Amino acid sequence: MSHLNFLLLLQFSLFFINLVQALTSPSDISALKAFKASIKPSSIPSWSCLASWDFTSDPCTLPHRIHFTCGVTCSPDSTRVTQITLDPAGYSGTLTPQISQLTHLSTLDLSENSFFGPIPSSISSLSYLQILTLRSNSFSGSLTPSITKLKSLESLDISHNFLTGFLPNSMASLSNLRRLDLSFNKITGSLPRLPPKLLELALKSNSLSGPLSKSSFDGLSQLEVVELSQNSFSGTLQSWFFLIPSLQQVDLANNSLTGVDIARPGSGRGGELVAVDLSFNRIEGYAPANFAAFPRLSSLSVRYNRLRGKIPVEYGKNKSLKRLYLDGNFLNGQPPPALLTGSSGISGSLGDNCLQGCPSSAKLCLPSQKSNAICKQAYGGGRGRPRS
């Protein structure tokens, strides 16, 4: 080998060695060590991502053949940790406050494990964090107000945990949040003002209460999905709600709503509505005819409330309506003939009401209607509205 070739080979070797030597920021390495140390060793299976976190190797060194094979993603220059995405291996432990040292973290996903304890307030230091997913763990305590300092956050999912207390009043400070899912917790109180760019809101199966206030939804022109079922919301759902410009799906089933005020959609207001579920509330009055004015509405459920009077004839004229559930109310009179024709294509139920002329041979009329005695009692002997 010539001297020149030897020098070239040596230079290449030094370059390669430089590539594989430790590159990760010391503060990131320290944070990863603390993160792993906060998890019970007995809950780390030998085949799992965390088992491969061996700090005799640099976390960001490529290729990951033996150590750090999964769970960690680094920046293109291999100096900073940008993502922690753990496998659902049953890890049990707390989330260390030192997670705040991973200042370039954009994704933190610990879903479907057994993390417990509070979410540390120091998480507010993760200014680049865009996705925070802690779904299906055992985190407890209230949602720390410091989490609303995460201005880059676009998705927050802490559903299926044991969070308690009120939602922070500063929720609207999450100025880039698009998806919020805190379902299946034990959160109480009312809804604060919500983040302005929200597309999806899911807070089902909590203990939220009070009326739905317009101030909570002020400026949410992009909101498409609202899932608030299985709470204790009360009062009358006002007409502004269904006129939220981009609203498509609403689930408010299993609450304590007593009324609903529906206005006809107008230009740029409410025309996107596709599915509404208001079942299992305490809604009184007449079935809202204006629901039929929403041009894209394909599914409407107001089953098991306290509705009275006739089924609006408009429901039979809405060509987009394909699923209609009005069972379990006190509706009377004849159902609109258009609903009972085979050509309507509508599925659902008008059963368990006080209807006349709803033949049991029609699938839509099942289950059978209430007895005359119950209907007369409900209407106070034929007058007034159904008794509570």
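Which hand does the disulfide of Cys49 and Cys70 have, going by the torsion about the S-S bond? I looked that up before anything else, keeping in mind that this is a predicted model. The torsion comes out at about -120°, so the disulfide is left-handed. The S to S distance is 2.0 Å. Cys49 and Cys70 sit 21 residues apart, each in the loop between α2 and β1. Burial next: Cys49 counts as buried because its relative accessibility is 6%, whereas Cys70, at 28%, counts as partly exposed.

I then searched the whole structure and got four disulfides. Counting bonded cysteines along the chain, I read the pattern as 1-3, 2-4, 5-8, 6-7.

On to Cys354 and Cys375, whose sulfur atoms are 2.0 Å apart. Their S-S torsion is about -100°, so I noted left-handed here too. Cys354 belongs to strand β25 and Cys375 to helix α4. Both cysteines are buried. Cys358 pairs with Cys365, and with -90° about the S-S bond that link is left-handed. Cys358 has 12% relative accessibility and counts as buried; Cys365 is buried at 2%.

Cores now. I found 95 residues in the largest nonpolar core, with Phe35, Ile84 and Phe217 among those having the most contacts inside it. Helix α2 gives the most to this core, three residues. Another core, of five residues, lies apart from it and includes Cys354 and Cys375.

I also checked what Ile84 touches beyond its sequence neighbours: the list includes Leu32, Phe35, Trp53 and Asp109.

Last, strands. β5 and β7 run parallel, joined by two bridges, with Gly117 opposite Phe139. β7 and β9 are also parallel, with three bridges; Ser140 has Phe162 as its bridge partner.

Key. Residues numbered from 1 in each chain as written. Predicted model: local features only at pLDDT ≥ 70, side-chain atom pairs only at ≥ 80, totals over all residues. Heavy atoms only, no water. Core = buried A, V, L, I, M, F, W, Y, C linked by side-chain atoms within 4.5 Å. Buried < 20%, exposed > 50% of the residue type's maximum accessible area, 1.4 Å probe, protein only. Helix = DSSP H or I, 4+ residues; strand = E, 2+ residues; numbered from the N terminus. Contact = heavy atoms within 4.5 Å. Pairing = 2+ DSSP bridges. Disulfide = S-S within 2.5 Å. Lists of a residue's contacts leave out its neighbours within four places in sequence.
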